[in-house]
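Open the model in your viewer and keep a selection panel at hand. The tour below goes from one selection to the next and says what is found at each stop.

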Amino acid sequence: MVKADANISTKTYIDRSSSKFQNPNFAIEENRLLVCVKKMEVGVGFDENDYLSCCGSTKFAKEMAAASPFPSYHRALTVAKHIWFNIVDVNGWLQAFSAHPSIGQPRPPSHASATSAEWSIGEQSTALATSTASSLQELAEWNARYMQKFGFVFLVCASGRSTESLLAELKRRYANKPIVEFEIAAQEQMKITELRLGKLFTSKKNISSTTDTNSIAVAQSQRAEEVRVSIIGGHVTAAASNTLTGKSIQNTSRTRPAITTHVLDVSRGYPAPGIEVLLEVWRGSQAGPTFGITDGGGWVVLGSSTTDSDGRSGQLMDIVDDVDPGIYRLTFNTGKYNPTGFFPYATIVFEILESQKREHFHVPLLLSPFSFSTYRGS
């Protein structure tokens with residue numbers, strides 16, 4: 001069991017050699033938090049549940065609660081690092097990782113605490129504010145790839161970081177070997193824990209009688225700011241899933257629609273922006289459309305969108321666990337994109353079988369003025 005040393009100096013501490021100072025927003029927030037914890041004994045009156053909000057490992061929470069209170073934030077942080085890297089085992093690391101939502105989707109796992117959920121929204125507020133429908137979809141796709149390769153959520157200290165920078169880091173780290181990535185994720189978890197310990201120790205519950213009036217004011221101001229960020233983050237999340245896409249996201253294990261597409265202009269070697277896309281499903285009286293026979297209105301529109309600067313369409317259908325088996329049709333308004341081209345529009349018809357209803361279907365269009373092709377991707 002780790003115990004705090006009562007004789008340790010109460011001065012504040014920042015390790016400026018740490019890699020986290022490559023992110024200036026992290027440094028600014030940490031400095032602001034340290035103003036609050038200076039001159040106070042920290043960890044007074046907190047239990048395992050409080051520390052579980054900072055790090056989702058029950059072993060970490062138990063050890064921190066047993067070691068509390070601490071004479072300074074510096075000492076608390078030293079103890080927290082020792083517990084995380086030397087006492088918590090691999091299962092504890094995985095348990096902590098699982099308490100985080102995916103980047104771009106701050107809705108927390110069901111077992112995460114309310115405080116942890118609130119902090120997650122605040123930590124991702126910058127990413128959500130700088131996102132678009134297409135960037136959120138791309139994040140979801142890469143999150144799914146990452147999870148499939150490594151077996152745990154992509155973990156990064158997202159505070160103050162844009163969607164673009166987070167997506168770039170996700171792609172870069174995806175190339176890592178699993179053992180390397182596991183260690184990096186543990187380091188990122190510790191960065192998040194540092195920020196959350198600062199927030200926890202500056203909460204009104206923890207301010208002792210030795211804290212001066214200015215520290216109380218700063219702590220209360222920080223709490224008010226955190227609440228505002230959480231509210232804004234919630235609205236941005238709703239906008240990303242509803243306003244921007246016009247489609248609902250149900251309670252599902254999927255992170256993206258079952259059918260997606262993008263358009264590449266192969267004659268230029270660039271994505272094709274501004275192309276209108278229509279997704280339909282066959283709902284006619286017959287089992288499916290018959291070659292050479294007019295369909296007679298059997299197609300039903302599921303959704304429409306326009307490709308963005310990356311050539312990706314927005315969300316064309318609701319996100320559900322099981323996509324309905326059947327015949328689907330993607331139609332692209334290629335004539336509007338290239339009025340002098342050979343094709344006024346291009347249509348791709350494909351079938352999803354009963355055995356494939358939980359799979360993902362990425363059906364891109366590779367376009368040039370006098371030809372087009374497609375394939376089934378994932």
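Which residues of helix H6 (residues 114–123) are buried? Select the helix, and the buried residues are Ser 116, Ala 117, Trp 119, Ser 120 and Glu 123, where buried means under 20% relative accessible area, exposed over 50%, and partly exposed in between, with a 1.4 Å probe and protein chains only. If you look down the axis of H6, these buried residues fall within an arc of 165°, so they line one face of the helix; the arc is that of the directions from the helix axis to the C-beta atoms. An α-helix has 3.6 residues a turn, so residues three or four places apart point the same way.

Before going further, note that this is a predicted model, in which local features need pLDDT of at least 70 and side-chain atom pairs count only at pLDDT 80 or more, while totals for chains, interfaces and linings use all residues. Residues are numbered from 1 along each chain as its sequence is written, and side-chain values use heavy atoms, with hydrogens and water left out.

Helices (H or I, at least four residues) and strands (E, at least two) are DSSP runs, numbered from the N terminus.

Next, select His 262, Arg 312 and Tyr 375, which UniProt lists under "binding site" in an unreviewed entry; its positions are given in the numbering used here, feature names are shortened, and annotations may be inferred rather than shown by experiment.

Not counting residues up to four places away in sequence, His 262 touches Gly 311, Arg 312, His 362, Pro 364, Leu 365 and Tyr 375, contact meaning heavy atoms within 4.5 Å. Its side chain also makes a polar contact with the side chain of His 362 (2.8 Å); a polar contact is a pair of N or O atoms within 3.5 Å, of which, within protein, one must be able to donate a hydrogen and the other to accept it, and residues adjacent in sequence count only if both atoms are side-chain atoms.

Move on to Arg 312, in the loop between strand E5 (299–306) and strand E6 (326–332), which is buried at 16% relative accessibility. Leaving aside neighbours within four places in sequence, the contacts of Arg 312 include Ser 134, Glu 138, Thr 261 and His 262, and its side chain makes a polar contact with that of Glu 141 (3.1 Å).

Now show the open sheet of 4 strands, ordered E3-E2-E9-E10 with mixed pairing; two strands pair if DSSP finds at least two bridges between them. Its edge strands, each pairing on one side only, are E3 (270–271) and E10 (371–374). E2 and E9 (residues 365–368) pair in the parallel sense over 3 bridges, and Leu 264 has Leu 366 in E9 as its bridge partner.
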